[in-house]
There are 2 protein chains.
Amino acid sequence: MMIKRNTIQRSLVLEAVNKLKCHATADEVYQMVAQEHPTISKGTVYRNLHQLAESGEIRKIEVPGSADRFDHRCHDHYHVRCTKCGKVFDVNMDYIADLEKKIRDTHGFEFTGHDLVFRGLCPDCRKESSSI
Amino acid sequence: MMIKRNTIQRSLVLEAVNKLKCHATADEVYQMVAQEHPTISKGTVYRNLHQLAESGEIRKIEVPGSADRFDHRCHDHYHVRCTKCGKVFDVNMDYIADLEKKIRDTHGFEFTGHDLVFRGLCPDCRKESSSI
DNA sequence: TCCTTAATAGCAATGTTTACTAATTAGAAG
DNA sequence: CTTCTAATTAGTAAACATTGCTATTAAGGA
């Protein structure tokens, strides 16, 4: 029986995520793939991103207040989102691998990981808001 | 000079957030206010929720993958989102108030808080995936 | 080569939120 | 109390990210 097919679309999506390094949005992936394969549809990009994330080939990072991000298998790390301009950056901070252990009552949940996103003002927006 | 007006709409929105306790979505607030004041528009609810959040009278909680939540003054806390069904629940865990201090290089950022969302499988979805 | 069905392109539809504009109205000033 | 004016509103449209639908295409086993 066959369960999964290797399509050009899927390999192009994976390739694009790798090229774009970390925290690419689905739309950025779509834009990049569309340069080589203009007929690809957004639905296909979304479907493959989720499949690749589920199979562990890429990582999905959910950022509150903005679009989901997709990373290659770079090390686990955290993010900041500027509350003004919405841009997302990496944060230079150790990953807390055992954060799930601090949960007191799991209520039957099975924890598999966590997303930590800081809120803040990026340097550019700080400048703007102080000069105005 | 006047900078801010006290409108019935704003006080109704604040009242609704208080009544609904924690995790009310903008739409839930709208539904509640509309019962007393049917002509209110969603735009007004959104604008007032953001204004109230900015002035500190309520708190805005951004949850990836679902609508923003608005809380009265309940304590800071974290969330889990089931990776299968998408539902969001509270996590029983101490709030780490000084998490921002663990950041090594701020790169000029001004940090104001953080959102921590765990990933996991809720009890219902665990049952389903084990029985299939 | 044929056959099955997973995967696709294209588009419609969803849900959440923001943007726009003419009409309304809270609150200051006279 | 009346007038003035700009903050706020209702209503609607549009932006945005994402999912759903369906006829068509094509991967890969037989």
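Which residue forms a salt bridge with A:Asp76, and how far apart are the closest N and O atoms?

Author: Bear in mind that this is a predicted model. The partner of A:Asp76 is A:Arg59, and the closest N and O atoms of that salt bridge sit 2.6 Å apart.

Domain 1 of chain A runs over 1–74, and domain 2 covers 76–132. Between the C-alpha centres of these two domains there are 22 Å. As for who takes part in the contact, domain 1 of chain A puts in 13 residues and domain 2 of chain A puts in 10. Together the two domains of chain A bury about 850 Å², and carbon and sulfur atoms account for 54% of that. On the domain 1 side, A:His23, A:Ile61 and A:Val63 are the trio to look at: they supply 41% of the area that domain 1 of chain A buries against domain 2, more than any other three residues.

Now for the polar side of this interface. One salt bridge is found across the interface of domain 1 and domain 2 of chain A. The count of residue pairs in polar contact between these two domains is two. If you want to know which elements of domain 1 of chain A do the touching, strand E2 (59–61) and strand E3 (69–71) of chain A each give two or more residues to the side that meets domain 2. E2(A) gives the most, with three residues. By type, that side of domain 1 of chain A divides into five nonpolar, three polar and five charged residues.

Sorted by type, the surface near DNA strand C has five nonpolar, nine polar and six charged residues. Helix H1 (8–19) and helix H3 (42–54) of chain A, plus helix H3 (42–54) of chain B, each supply at least two residues of that surface. H3(A) gives the most, with three residues.

Some backbone contacts reach phosphate oxygens of DNA strand C: a backbone N or O atom of A:Thr39 lies 3.0 Å from one, a polar backbone atom of A:Ser41 is 3.3 Å from one, and for B:Asn6 the distance from a polar backbone atom is 3.0 Å.

Terms used. Residues numbered from 1 in each chain as written. Chains lettered and ligands numbered in written order. Predicted model: local features only at pLDDT ≥ 70, side-chain atom pairs only at ≥ 80, totals over all residues. Heavy atoms only, no water. Polar contact = N/O pair within 3.5 Å; in protein donor to acceptor, adjacent residues only side chain to side chain. Helix = DSSP H or I, 4+ residues; strand = E, 2+ residues; numbered from the N terminus. Nonpolar A, V, L, I, M, F, W, Y, C, P; charged D, E, K, R; others polar. Domains from an automatic or database assignment. Contact = heavy atoms within 4.5 Å. Buried area = accessible area lost by both parts, 1.4 Å probe. Salt bridge = Lys/Arg side-chain N within 4 Å of Asp/Glu carboxyl O.
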